[in-house]
Structure formats: C-alpha cells, structure tokens
Amino acid sequence: MKTSIFTFILSIFLICCNSQNFKPASGPHSEPPASRPAPAVTVDKSTAGTVTGMVSFKGAVPRLPTLDMTQDPGCPSTPQPSDAVVVKNGKVANVFVYIKDGLPQGNFAPVPEPVVLDQKGCRYVPHVLGVMVGQPFKVLNDDTAQHNVHPMPKSNSEWNESQMPHGQPITKTFHQPEMMMPIQCNQHPWMKMYVNVMPNPYFAVSGDNGTFEIKDLPPGEYTLVAVHEKFGERTARIKVEPKQTAKADFNF
Ligand SMILES: [Cu+2]
C-alpha cells in the first residue's frame, strides 16, 4: 500500500518536472524565423515565349443525354445539348491547360480585371474557366430566370447566393489555389461549371476548335497538364525558348 502511494506521488513529481522541460525556451536564438512574403516574380516580356496546342479525342465520343430545362419557364423549352462533353470534328473544347511545374518561385501579382462568368439560356458561359488567386470573379445573370450561384470548394470558402433575373453582378475572390472547383445552381440541377483558381497567370481553356494558347512564359522547361471533367488528365513536358512558340498536343 505504502509502495503504491509512493509510486503515485513519484509519478506526479515526474509529470510536474517533465512539464517544466516542455516550457518554451527563451532567448535570442529560439524565436521562430520571421515568415517573409515570397518575392514577386517579374517576367521579361521581351524574351518570353508561348505554348500552343490542340486537344483531340480518338475513338467514339461518349454521347450524353440532352438537358430538359422545361421546369422553369425562364429557361429554353426545347431539349438542350449537354455541355459536359463538347467534341466537334475530333477536337475537344473546355479542356483546362496549365503549367504545373517549372515556373520561377515567388508570387505572381493577380490580374486586376475580373474574370466573368455569365448565365445565359440557363447555362454557365464559359463552362470552364481559370481565375488567379485574388483576382475578381464576376458572375452575371443574362436570363429571365432566377439563378442560385453555389461554388462547392475544397480549399476555399463556400458561398451560395441567389441572383434575380438580370440581377446585380456578384463579385468575389478566391484565396487558395484549387483545381476544378464545381459551381452549381440550386434552382437548376443541370447547371454546372468548373473554376480553376491558379497561383499564376499561365493557363488557358481549349476552344471549340480544340486549340489553346498560353503567352508570356519565361523561357524554361515545364510540365504542362490538360484536364477534362470527364476524360481525366494528360501531361506533357515542354521547352520554351526565348521569343519562340512551343507546341504541345494532347489526345484523349
Ligand atoms: Cu440556374
């Protein structure tokens, strides 16, 4: 019995003494290093290059069901083609292409002009876009229908706002890089698009003819990635020479 009381007191003593050891040490050498903001990257446009390319699809293109929008009289009354897969003459639209690796370290200043997302014919236009961290993101409603703009982020803050027919624009910014963040409309279940929040300005979206172009790249070697919401991801290595245009084609 006496032994167990002794053990108990001893263990309390040890806990006390050990906790002393975890006191943060003081003194000039124990301060955490001051976090300095990463230096701003400046790109010399006189030596910068470009990357262009084409996104193609091989094989039978998946056919998605048409969209029935008749639940809302403010939306088209005839069946509308899906915008999740847009392939014309073997060329893929709405592919997000970006530089994943190889850029200079540091901060790229956000572009001050807003990126605009419109709602037209009860769809999002464009269906895929890129916006820089801190760049204004402006949502318009061109419809006679009311919409409800609802991003579903993983890293950024979620928001959810109604927008009246031809209502006031909604302007937001995103604070964290995030790929393929869906935006949905709570009023219209077929409405969905993707926002890519990027830490640099080096991205593009393939057009209806499958082409893309990324300009003002510092010369260097890069990993270029192409992302499609249904077809997945493709990667390419490219080398951009001063004032030259590098080519990179992708096949899904
Ligand atoms: Cu809607």
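In this predicted model, H147 sits opposite Q163 of strand 10.

How well covered is strand 9, residues 147-151? Five of its five residues are buried. In a regular strand, side chains alternate between the two faces of the sheet. Here H147, V149 and P151 are buried on one side of strand 9, and N148 and H150 are buried on the other.

H147 also leads us to the metal site. Its ND1 atom is a donor to the copper ion, together with C185 (SG), H188 (ND1) and M191 (SD), at 2.0 to 2.6 Å. Along the chain, these donors follow the spacing H-x37-C-x2-H-x2-M. Two of them, C185 and M191, are buried.

Why is the arrangement around the copper ion tetrahedral? The four donor atoms subtend angles of 95 to 134 degrees, and the class asks for all angles to lie between 85 and 135 degrees. For comparison, the ideal angle for four tetrahedral donors is 109.5 degrees.

Finally, a look at strand 1, residues 49-56, which holds T50. T50 is buried, since its relative accessible area is 15% and the cut-off is under 20%. Beyond its sequence neighbours up to four places away, T50 touches E213, I214, K215, V240, Q244, T245 and A246.

How values were computed. Residues numbered from 1 in each chain as written. Predicted model: local features only at pLDDT ≥ 70, side-chain atom pairs only at ≥ 80, totals over all residues. Heavy atoms only, no water. Donors = N, O, S within 2.8 Å, 3.2 Å for Na, K, Ca; no water. Tetrahedral: all angles 85-135°; square planar, octahedral: opposite > 155°, others 65-115°. Buried < 20%, exposed > 50% of the residue type's maximum accessible area, 1.4 Å probe, protein only. Helix = DSSP H or I, 4+ residues; strand = E, 2+ residues; numbered from the N terminus. Contact = heavy atoms within 4.5 Å. Pairing = 2+ DSSP bridges.
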